[in-house]
Amino acid sequence: MRDEEARRKRTRCLACIAFGVIAQTIIIVLFVVIVMRVKTPKVRLESVGVTTLTTSNSSFKADLNALVTVKNKNFGHYKFDSAKAAFSYKGTDIGEGTISKDKAKAKKTKKINVTVSLNSNKITASDISSGSVTLTAYAKLDGKVHLLNIIKKKKSSELNCTIQVDTKAKAVHVLSCK
């Protein structure tokens, strides 16, 4: 009787140990799959405001205030280097702004103000007289996602937006980002 009782206790103990090992394995796998997965942060132009705008038949000069957002969906912070945001008209660069070196905290959105001076003689008189000038903005942020200060993964985010400036109202009417 005592041998059978001791055998049951051993079997129960081994079953509890096996259950504990299986439960810990499942928890570790879920942690690695959900928390440790590194996603690419999103970079977008949230808004663009026109501070000054002067146009003539052959020239276009403007100062813009752009609000750039870096949305970090990771469980670790994203440190990125400074980058240039280039503004162009039909493929020709007409101005740039600097996105300063910064850090987006885990699961947060970092907002950065960028001032841009645009100056071009390449914009057609027909676009200026129509009252609408379409510009594109491009920037590439290079940085690292730091998970638990142990894992560091390099990630690059790109900003690619189209901006439609109303030259008569001196305002941005359409802002769309990919």
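Reader: What should I know about the model before we start?

Author: This is a predicted model, with local features needing pLDDT of at least 70 and side-chain atom pairs counting only at pLDDT 80 or more, while totals for chains, interfaces and linings use all residues. Residues are numbered from 1 along each chain as its sequence is written, and side-chain values use heavy atoms, with hydrogens and water left out.

Reader: What makes up the fold, and what counts as a helix or a strand?

Author: The protein has 2 helices and 10 strands, in the order α-β-β-β-β-β-β-β-α-β-β-β along the sequence. Helices are DSSP runs of H or I with at least four residues, strands are runs of E with at least two, and both are numbered from the N terminus.

Reader: Why is the protein called more spread out than a compact globule?

Author: Its radius of gyration is 27 Å, well over the 16 Å that the globule rule gives for 178 residues, so the protein is more spread out than a compact globule. The radius is taken over C-alpha atoms, and the rule is 2.2 Å times the number of residues to the power 0.38. Those C-alpha atoms fill a box of roughly 105 × 25 × 25 Å along the principal axes.

Reader: Where does Gln24 sit, and how far is Gln24 from Ala62?

Author: Gln24 belongs to helix 1 (residues 2-34). From Gln24 to Ala62 there are 38 residues in sequence and 60 Å in space, C-alpha to C-alpha.

Reader: Is Ser120 buried or exposed, and how do you know?

Author: Buried means under 20% relative accessible area, exposed means over 50%, and partly exposed lies in between (1.4 Å probe, protein chains only). Ser120 has 4% relative accessibility, so Ser120 counts as buried. This residue is in strand 7 (residues 109-120).

Reader: What does Ser120 touch, and what is a contact?

Author: Contact means heavy atoms within 4.5 Å. Leaving aside neighbours within four places in sequence, Ser120 is in contact with Ser58, Ser59, Phe60 and Ile94. A polar atom of the Ser120 side chain also lies 2.9 Å from the backbone nitrogen of Lys122.

Reader: Why is Ser58 called partly exposed?

Author: Ser58 has 46% relative accessibility, so the label is partly exposed. Ser58 lies in the loop between strand 1 (42-55) and strand 2 (60-71). Beyond residues up to four places away in sequence, Ser58 touches Ser120 and Asn121. Ser58 and Ala125 are 67 residues apart in sequence and 5.9 Å apart in space, C-alpha to C-alpha.

Reader: What makes His146 buried, and which residues surround it in contact terms?

Author: At 10% relative accessibility, His146 counts as buried. His146 is in strand 8 (residues 132-147), and its contacts, apart from neighbours within four places in sequence, are Gly76, His77, Lys79, Ile151 and Lys152.

Reader: What stands out about the backbone of Lys90 and of Lys107?

Author: Lys90 has a positive phi of about 50° although it is not a glycine, and Lys107 has a positive phi of about 60° although it is not a glycine. Lys90 is in the loop between strand 4 (83-89) and strand 5 (92-99), whereas Lys107 is in the loop between strand 6 (102-104) and strand 7.

Reader: How do you know which accessibility labels Lys90 and Lys107 get?

Author: Lys90 has a relative accessible area of 64%, so Lys90 is exposed. Lys107 has 47%, so Lys107 is partly exposed.

Terms used. Polar contact = N/O pair within 3.5 Å; in protein donor to acceptor, adjacent residues only side chain to side chain.
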